Amino acid sequence: ILYRFPDGFWWGSATSATQIEGAANEGGKGPNIWDYWYEKEPNRFFNGVGPSVTSDFYHRYKEDIALMKEIGHNSFRLSISWSRLIPGGIGDVNPTAVQFYNNVINELLENEIEPFVTLFHFDMPLAMQELGGWESRDVVDAYARYAKICFELFGDRVKKWFTHNEPIVPVEGGYLYDFHYPNIIDFQRAVQVAYHTIIAHAKAVQVFKQMNIPDGKIGIILNLTPSYPRSSHPADVKAAHIADLFFNRSFLDPAVKGEYPQDLVDLLREYGYLPVTKEGDQKLIKENTVDILGINYYQPRRVKAKEHLPNPEAPFMPDRFFDYYAMPGRKMNPHRGWEIYEKGIYDILMNVKENYGNIECFISENGMGVEGEERFRDEDGMIHDDYRIEFIREHLKWVHKAIQEGANVKGYHVWTFMDNWSWTNAYKNRYGLVAVDLENNRKRTIKKSGYWFKTLVENNGF
Ligand code: BGP
């Protein structure tokens, strides 16, 4: 074993409710923004496939958890669907949903798989979006109540909690770049949404800490995209710094350090885009930092200084301060259109070590989405996804190096366990260690990477 990981390392995978559960109209679930958007604009979704069935985990969780066990999982991150648990967002708790999540949690524990639970993974209940979504302070309070209910219901068995998954993504998708509902393009509103998401987060952390759950830890899951300047020219460096402020530090700093970066505040003030705040907010953020940080890593951000002055008529966007560029010789995943740069994961971990108090952290998502994987299925019935094995292995080498150099990394979760439905891309790109055959009653088969993963966990390294 060349790369051995620390004892007790968390090996597993991550997913989210909307992407695997299906049963969107069953068991008393209320609609969320994905159900609604799909109903309104099905053609926005790849092949017109929506979130109503997905991978049918709702009915097949026992079979799926048995497969997780079989491929070596000792932990698994899932999310609770707010609109399943509390169909109206605020109001009554749905007993069928409580039963479902109890069943899943208990099944995981019986199989010695530790559940890691995310409270919010992109799936705003429709009733809450109608109140204004994260623009509304009432929704912030409704979320804090929802969080408390989850801790009360499941906190006796779930010890790792995460307030939000990639909170920057609903800001980008829903309020800047038109890939999430409510497809608004408005920088001021985007800033407000981002700010309220942090307030909601801090309130959930506060409730959690007050409850004093034995052995409980609370964190946040952030997609960190290291921002590399094209050159050491000061204009390029400044451009990369601003991209880093917007896309990484807007959540990383308040969540871990309890305060926003001064540079970001100054920039927003200069351009007149500070959010509306309330008295006590600063103290709330300051006092409710996380115990643990989950890091999702897919791709870096390659940034250079702007080549042309921004059009003053165009809507104000973060990229008024920088341009992107394609790094010469870069490696790409052509299916997703994302650069593959394994060292990025190390750079993030070392940054967290050096500049964020070496807080306890883990890789909460990392994976490779590929289209048309059926063509790699052999006579043995297995998909031979050697590219995925290589992808994971090459990233793990850098994680290993970071640990050797003192980074406080406790685990690695692949995105994802089984092929799942992905937002507007639906089933285009497959990420699973386990294949889901949509043509054949959603039959599950372990891919080559799944068996490789099993050996990885058995050896605690490779
Ligand atoms: C992350 C999300 C996941 C998942 C993953 C893969 O941003 O947390 O929900 O979807 O990316 O990305 P995609 O499915 O868009 O290819």
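This is a predicted model: local features need pLDDT of at least 70, side-chain atom pairs count only at pLDDT 80 or more; totals for chains, interfaces and linings use all residues.
User: OK, aromatic pairs now. How many does the structure hold?
Analyst: There are 54 aromatic pairs in the structure. One of them is Trp82 with Tyr143, an edge-to-face pair with 5.8 Å between centres and 65° between the planes.

User: What does that pair tie together?
Analyst: Trp82 belongs to helix α4 (residues 82–85) and Tyr143 to helix α7 (residues 137–154), so the pair ties together parts that are 61 residues apart in sequence.

User: Are Trp82 and Tyr143 buried or exposed?
Analyst: Trp82 and Tyr143 are both buried. Another edge-to-face pair is Tyr298 with Tyr431, at 6.5 Å centre to centre and 85° between the planes.

User: Where do Tyr298 and Tyr431 sit in the chain?
Analyst: Tyr298 is in the loop between β7 (292–296) and β8 (301–304), while Tyr431 is in the loop between β15 (429–430) and β16 (434–437). The two are 133 residues apart, and their pair links distant parts of the chain.

User: Why do you call Tyr298 buried?
Analyst: Because its relative accessible area is 12%, and the cut-off for buried is under 20%. Tyr431 has 7%, so it is buried as well.

User: Which residues do ring pairs link into a cluster?
Analyst: The cluster includes Trp34, Trp37, Phe45, Phe122 and Trp421.

User: Switching to α9. How many residues does it have?
Analyst: Helix α9 (residues 187–211) has 25 residues. From first C-alpha to last it reaches 36 Å, close to the 36 Å expected at 1.5 Å a residue.

User: Why is α9 described as largely enclosed?
Analyst: Because 19 of its 25 residues are buried, it is largely enclosed by the rest of the structure.

User: What caps its N-terminal end?
Analyst: Asp186 does, with a side-chain oxygen 3.0 Å from the backbone nitrogen of Gln188. After α9 comes Asn212, which has a positive phi, near 50°.

User: What about Tyr427, where is that?
Analyst: Tyr427 is in the loop between β14 (409–414) and β15. With 7% relative accessibility, Tyr427 counts as buried.

User: Which residues is it in contact with, leaving aside neighbours within four places in sequence?
Analyst: Among them are Gln19, Val49, Asp419, Trp421 and Leu438. Arg189 is 238 residues from Tyr427 in sequence, and their C-alpha atoms are 31 Å apart.

User: Last topic, the whole chain. How many helices and strands?
Analyst: The chain has 15 helices and 17 strands. Its radius of gyration is 21 Å, close to the 23 Å that the globule rule gives for 462 residues, so the chain is as compact as a globular protein of that length. The C-alpha trace spans about 60 × 55 × 45 Å along its principal axes.

User: What share of the residues is buried?
Analyst: Buried residues make up 61% of the 462.

Note on methods:
Residues are numbered from 1 along each chain as its sequence is written. Side-chain values use heavy atoms; hydrogens and water are left out. Helices (H or I, at least four residues) and strands (E, at least two) are DSSP runs, numbered from the N terminus. The expected span of a helix is 1.5 Å times one less than its number of residues. Buried means under 20% relative accessible area, exposed over 50%, partly exposed in between (1.4 Å probe, protein chains only). A polar contact is a pair of N or O atoms within 3.5 Å; within protein, one must be able to donate a hydrogen and the other to accept it, and residues adjacent in sequence count only if both atoms are side-chain atoms. Rings of Phe, Tyr and Trp (its six-membered ring) pair if their centres lie within 6.5 Å; planes under 30 degrees apart count as stacked, over 60 as edge-to-face and the rest as tilted. The radius of gyration is taken over C-alpha atoms; the globule rule is 2.2 Å times the number of residues to the power 0.38. Contact means heavy atoms within 4.5 Å.
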